[in-house]
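I opened my notebook to look at side chains and how they meet. Have the sequence and the model beside you while you read my entries.

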Amino acid sequence: MALAKDPGTGPEQRDAADQNFDYMFKLLIIGNSSVGKTSFLFRYADDSFTSAFVSTVGIDFKVKTIYRNDKRVKLQIWDTAGQERYRTITTAYYRGAMGFLLMYDITSQESFCAVQDWATQIKTYSWDNAQVVLVGNKLDLEEDRQVPTEDAQRLATELGFQFFEASAKDNINVKQVFDKLVDVICEKMNESVNGDASPSVNQKGNGLKDTPHSSQGGCAC
């Protein structure tokens, strides 16, 4: 994939001409290289899958509009490179993201052990209100599983994240992951509007502030 431009430009300009939506959420897919982030995005946005693996260079994105709770929600979904050499590029995009799909490969213990480090990246570079779903991808490779479901569920609970196992190849839980992330973001927005946390919540994709949840826990590797 091609390297995207500066985080201050890009899809925002393209979206400016289309104001026919209620909210616009910026979402990031992060995780180690080769866990299937690009395949997951293509399955969701285009309902396509290819087994040909090409490492993402830097960062790229897709735009998809969905309907949730009688609202038209435009999603800017950013696909990030997992390699360490791109980390300074991709973390520049964390600020302003309202949701993250933190992905690991159920057949790779190494990718699961990196989840805590990725969670720290989110905590360090994103807004306090950012919501996270932990996704164990490649459920179609159950026979090669290295990461027990219970271990991942336990870590997700400790980190305060939602949790799914999924398969981009077999289209298992792909839509459900994104729907859940959008629903949680909307719930937080409603809490902020109805509460006294003095957040700034606006339509057309502006952010909100909320009390951050606990992000304690780690991998037992």
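**Entry 1: a charge over a ring.** I began with lysine 26, whose charged end sits over the ring of tryptophan 78, 5.9 Å from the ring centre. I count this when NZ of Lys or CZ of Arg is within 6 Å of the ring centre and within 35 degrees of the ring normal. I also found lysine 62 with its charged end over the ring of phenylalanine 42, 4.4 Å from the centre.

A note to myself on the source: this is a predicted model, where local features need pLDDT of at least 70 and side-chain atom pairs count only at pLDDT 80 or more, while totals for chains, interfaces and linings use all residues. Residues are numbered from 1 along each chain as its sequence is written, and side-chain values use heavy atoms, with hydrogens and water left out.

**Entry 2: the strands.** Which residue is the bridge partner of lysine 26 in S3? I looked it up, and the partner is glutamine 76. Strand S1 (residues 23-31) and S3 pair in the parallel sense over 7 bridges; two strands pair if DSSP finds at least two bridges between them. Helices (H or I, at least four residues) and strands (E, at least two) are DSSP runs, numbered from the N terminus. I then checked how covered strand S3 (residues 71-80) is, and 9 of its 10 residues are buried. Buried means under 20% relative accessible area, exposed over 50%, and partly exposed in between (1.4 Å probe, protein chains only).

**Entry 3: aromatic rings.** I counted 7 aromatic pairs. Rings of Phe, Tyr and Trp (its six-membered ring) pair if their centres lie within 6.5 Å; planes under 30 degrees apart count as stacked, over 60 as edge-to-face and the rest as tilted. For tyrosine 44 and phenylalanine 178 the centres are 3.9 Å apart and the planes at 10 degrees, so I wrote the pair down as stacked. Tyrosine 44 is in helix H2 (residues 37-46) and phenylalanine 178 in helix H7 (residues 174-194), so this pair ties together parts 134 residues apart in sequence. Both tyrosine 44 and phenylalanine 178 are buried. With Phe40, they form one aromatic cluster. Phe40 is also among the buried residues of H2, which include Leu41 and Ala45.

**Entry 4: salt bridges.** How many salt bridges are there? My count comes to 10, taking a side-chain nitrogen of Lys or Arg within 4 Å of a carboxyl oxygen of Asp or Glu.

- Aspartate 47 pairs with arginine 43, with the closest N and O atoms 3.1 Å apart. Aspartate 47 is exposed at 52% relative accessible area, whereas arginine 43 is buried at 14%. Just after H2, aspartate 47 also takes a positive phi of about 50 degrees.
- Lysine 138 pairs with aspartate 105, the closest N and O atoms being 3.2 Å apart. This pair links distant parts of the chain, 33 residues apart: lysine 138 is in the loop between strand S5 (131-137) and helix H6 (149-159), and aspartate 105 in strand S4 (residues 99-105). Lysine 138 is partly exposed at 22%, and aspartate 105 is buried at 6%.
- Lysine 175 pairs with aspartate 179, the closest N and O atoms being 2.5 Å apart. They are 4 residues apart in helix H7, so about one helical turn separates them. Aspartate 179 is buried, at 9%.

Finally, I traced a network of salt bridges that links Arg68, Lys175, Asp179 and Asp183.
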